[in-house]
Amino acid sequence: NSVLKELVFGKNSESPEEHFIDCVCELVRSIGHTLDSTPQGKDMIDFLMRRLKDLRQEDQYSTRVKLKMLDLLELRSNGWVQKQFKDTAKKVAEVREEAAKESRNERAGREKQFFNVAVAGARPAHVKAIIVRSKLQKAAERQAQDQEERAREAARPATALDVKALRRVLSYFGDEDCTGVDALAADFEGLKLTGEAAGQAA
């Protein structure tokens with residue numbers, strides 16, 4: 001955010017130099033689609049597009065840079081979809097699939113396309129895979145920690161209920177002749193509480 005603002009405003013909020021505009025256009029072309037997919041990033045892209053529209057009206061920039069800004073504005077308005085006239089390396093299965101698609105288009109009477117389309121600035125598939133693996137790894141670590149905690153809880157030695165001590169405590173709150181204390185202690189013992197639960201209950 002701060003880097004982009006510094007590039008499009010230059011020093012002291014003046015018009016930036018041409019090479020700054022070049023940097024902005026290349027950077028936004030690379031990350032624009034990803035930024036545009038989040039609310040905060042969309043606000044930033046909206047701000048940049050307005051700024052580039054203003055900068056295109058200034059006379060200090062060359063035609064090349066003005067056209068570069070225009071290309072970026074149009075790219076954003078087209079949903080970051082751009083034409084690719086140069087094919088990239090493909091797998092055999094992809095080549096066969098494209099050949100079959102072209103054959104179907106020819107039979108349907110559709111014109112042959114001499115370019116491909118791609119989303120500029122889309123997060124690469126391998127980056128998405130890394131993020132997914134990282135999330136799965138963190139989830140597995142949390143699950144392992146939970147299991148270890150449950151195992152430690154289960155391994156803690158159980159503390160038997162001290163019935164004699166309980167009878168003494170209850171006798172302080174009973175009647176003078178301690179009637180009902182034995183029955184209350186027996187009921188409490190019948191709960192079969194152990195460990196921390198027995199202490200808290202007592």
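Predicted model: local features only at pLDDT ≥ 70, side-chain atom pairs only at ≥ 80, totals over all residues.
Buried means under 20% relative accessible area, exposed over 50%, and partly exposed in between (1.4 Å probe, protein chains only). Residues are numbered from 1 along each chain, and side-chain values use heavy atoms, without hydrogens and water.

**Exercise 1.** Find the buried residues of H3 and the helices they pack against.

*Solution.* Next, look around them: the buried residues of H3 pack against H1 (2–9), H2 (18–36) and H4 (63–77).

**Exercise 2.** Work out how H1 and H3 are oriented to each other.

*Solution.* First, take the axes, which are lines fitted to C-alpha atoms over the stretch in contact, with angles from 0 to 180 degrees between N-to-C directions. The axes of H1 and H3 come within 11 Å and cross at roughly 10°. Angles under 35 degrees count as roughly parallel, so H1 and H3 are roughly parallel to each other. Now see who touches (heavy atoms within 4.5 Å): Leu4, Lys5, Val8 and Phe9 of H1 meet Met44, Phe47, Leu48, Arg51 and Leu55 of H3.

**Exercise 3.** Is Ser77 buried or exposed?

*Solution.* Locate Ser77 in helix H4. Its relative accessible area is 59%, so Ser77 is exposed. Finally, Ser77 and Met49 lie 28 residues apart in sequence and 10.0 Å apart in space, C-alpha to C-alpha.

Methods. Helix = DSSP H or I, 4+ residues; strand = E, 2+ residues; numbered from the N terminus. Parallel < 35°, antiparallel > 145°, perpendicular 65-115°, else oblique.
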